[in-house]
Amino acid sequence: MTSAYVESSLTALADALAAKAISSVELTKLFLDRIERLNPVLNAFITLDRDRTLSMALAADARRAAGENGPLLGIPLAHKDIYCTQGWLTTCGSKILSNFVSPYDAHVVEQLKQAGMVTLGKCNMDEFAMGSSNESSYYGPVKNPWDIRRIPGGSSGGSAAAVAARLAPVATGTDTGGSIRQPAAMCGLTGIKPTYGVVSRYGMIAFASSLDQGGPMAKSAQDCALLLNAMAGFDGRDSTSLDRQAEDYTRDLAQPLAGLRIGLPREFFAAGMSDDVRAAIDAALAEYRRLGATLVDISLPNSGLAVPAYYVIAPAEASSNLSRFDGVRYGYRAPDYLDLADMYCKTRSQGFGAEVKRRILIGTYVLSHGYYDAYYLQAQKVRRLIADDFREVFKQCDVIAGPTAPNVAFELGAKSEDPVQMYLSDIYTIPASLAGLPCMSLPCGFGAGNMPVGLQLIGNYFDEARMLRTAHGYQQVTDWHLHMPEGL
Amino acid sequence: MSLTLDQVGRIARLAHIEISPAEAAQTRDRLNDILGLIEQLQAVDTAGIEPMAHAVDACQRLREDSPSETDRRSDFQAIAPETEAGLYLVPRVIE
């Protein structure tokens, strides 16, 4: 029988731990046992280390016995394998880091350790976070717990599958062009990408530095807010980390939604969205109207340029970031080579998968002599146009709503041979990424094949608290976020 | 524009990535698909628009010029493919 604890909210778990109804070690074992049973099917984790995990739980119980009582103390979580975790294998889903045991913790990992959270393991992901289906991982695809013939979304697909299958109460993810929101939508979860600069990128293996942002993946907006409280914060080691006063992201959750103005971008509701997704989104919007919110028609005229601009900017930054993987200081080195140049070349050719190589090549091309202005600079100017559209519409609305993805989770292999089709899965998530705005996905029903549908919310800069309240208000009157895949 | 096999080879050399003759044509076709997607940016009028490099237009912070890191050379070298006497070893480049 499934213990009720594996379905509990973070506040319920915190209460149970505080009341000594269960210890962190007992709670952690419940999840480790589920992982042991279900991970062979789902492939959500790349690395598990039961002893290390249990020693963290033991330490959390000791801290509680000594009088500590934080809201996350003793609660287990899973980390996306993009976060450096000292003493744990940190692969980023790649062969090139298949032997990399990190000598240090990411800022996020440090913060969550300090809060007393227990690391259950490292979650599978698309290689270097480049993908929307988790099929580009060197460690094999992750299966969607709602239907194991389907993709869990990507790139934080392992994190999404782990929380959806209740192998972890919460998980960390990262989002460059939709990598938290799209898998959250595909797996029926709530996930948030904060304003760029709110969560430190230190120790988060870089993909596209001007876009990468860490965030929580959880069952509810309330759990996301609690975890974000611990993940956010200024860190001098990330040059783009913003020095702002700490916020309590749960502070407005209970505020009513009456009078809230929700903007609906015409461009997100045009052709392209499948009928089942549209029906679920429309029903969610009707629910918001019943809650007293006003729906406002808005336009983001340049949002159609977001995917092309992203596929210049992200590969360009990736080609630069990934130049550090050369077989000299850490990671994989090719066994046979002629000279230094050949060692670099063979190491990278054997160490990177096809999609990563493609993006490095595109990035190298758009940054190469004679093409920089035409591609990279032009894409950065288009990025400004897209961000300006958002600035304009936030004069008319408080939060924006629309679909997270055009379809429910597709079948494994359906798009893996056609990169451009795969890129278009992120058509609704990329605009907010380019603008650097906070955005999230929350479950709002089921579509084709009884697969979850995600509603995307986009907030104004630093307006996470209001966006989370918008999600929480909906989750108080609906139960989509409480559904769990059957047969697990 | 679309890339030729020669251009793909040149880009691959710049990126230190080897493309075998067997995968060259397919790589070129996939890259051209992606370039086709991004080509539409060329038609956008961006006269007078400042390029956007940071979401909230933050600039680099300055800090005091003082050491902030401790010496962890042995930890870092313990995970290197090949080291000797505190140095990273690579194939000889000067005869």
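Trainee: Which residue just after helix 3 of chain A takes a positive phi?

Mentor: This is a predicted model, so the angle is one computed from its coordinates. The phi in question is about 110 degrees, and the residue that takes this positive value just after helix 3 of chain A is Gly67(A).

Trainee: What length does helix 3 of chain A reach from its first C-alpha to its last?

Mentor: Helix 3 of chain A covers residues 50-65, which gives 16 residues. At 1.5 Å a residue the expected span is 22 Å. The helix is close to that expectation, reaching 22 Å.

Trainee: Why do the buried residues of helix 3 of chain A lie on the same side of the helix?

Mentor: The buried residues in helix 3 of chain A are Thr53(A), Met56(A), Ala57(A), Ala60(A) and Asp61(A). In general, an α-helix has 3.6 residues a turn, so residues three or four places apart point the same way.

Trainee: Which elements of chain A do the buried residues of helix 3 pack against?

Mentor: Two faces of helix 3 of chain A should be kept apart here. The face turned away from the buried side carries the exposed residues Asp51(A), Ala62(A) and Ala65(A). The buried residues of helix 3 of chain A pack against helix 2 (24-42) and strand 3 (118-123).

Trainee: Is Ala129(A) buried or exposed?

Mentor: Ala129(A) is in the loop between strand 3 and helix 5 of chain A, and its phi is near 65 degrees, a positive value in a residue other than glycine. Most residues other than glycine have a negative phi. The cut-off for burial is 20 or more other C-beta atoms within 10 Å. Because Ala129(A) has 30 C-beta neighbours inside 10 Å, this residue counts as buried.

Trainee: How does Phe462(A) count by its C-beta neighbours?

Mentor: Phe462(A) also has a positive phi, near 60 degrees. Its place is the loop between strand 11 (452-459) and helix 15 (464-477) of chain A. Because there are 17 C-beta neighbours inside 10 Å, Phe462(A) counts as partly exposed.

Trainee: What is the omega of the cis peptide bond that joins Gly154(A) and Ser155(A)?

Mentor: Ser155(A) is in the loop between strand 3 and helix 5 (157-164) of chain A. Most peptide bonds are trans. The bond that joins Gly154(A) and Ser155(A) is cis, with an omega of about 10 degrees.

Trainee: Which residue of strand 10 of chain A is the bridge partner of Lys193(A)?

Mentor: Strand 5 of chain A, residues 190-193, is joined to strand 6 (residues 213-218) by 2 bridges and runs antiparallel to it; there, Gly191(A) stands opposite Met217(A). Strand 5 of chain A is also joined by 3 bridges to strand 10 (residues 439-446), again antiparallel. Both faces of strand 5 are covered, with Thr190(A) and Ile192(A) buried on one side and Gly191(A) and Lys193(A) buried on the other. In strand 10 of chain A, the bridge partner of Lys193(A) is Cys439(A).

Trainee: What is the radius of gyration of chain A?

Mentor: The secondary structure of chain A comes to 15 helices and 11 strands. For 488 residues the globule rule gives 23 Å, and the value for chain A is close to this, so the chain is as compact as a globular protein of that length. The radius of gyration of chain A is 21 Å.

Trainee: Which helix of chain B gives the most residues to the side that touches chain A?

Mentor: The contact takes 56 residues from chain A and 40 residues from chain B. On the chain B side, the elements giving two or more residues are helix 1 (5-14), helix 2 (21-38) and helix 3 (73-78). With 6 residues, the element of chain B that gives the most is helix 2.

Methods: Residues are numbered from 1 along each chain as its sequence is written. Chains are lettered from A and ligands numbered from 1 in the order in which they are written. This is a predicted model: local features need pLDDT of at least 70, side-chain atom pairs count only at pLDDT 80 or more; totals for chains, interfaces and linings use all residues. Two residues are in contact if their C-beta atoms, placed from the backbone, lie within 7 Å. Helices (H or I, at least four residues) and strands (E, at least two) are DSSP runs, numbered from the N terminus. The expected span of a helix is 1.5 Å times one less than its number of residues. A residue is buried if 20 or more other C-beta atoms lie within 10 Å of its own, exposed if 12 or fewer, and partly exposed in between; C-beta atoms are placed from the backbone. The radius of gyration is taken over C-alpha atoms; the globule rule is 2.2 Å times the number of residues to the power 0.38. Two strands pair if DSSP finds at least two bridges between them.
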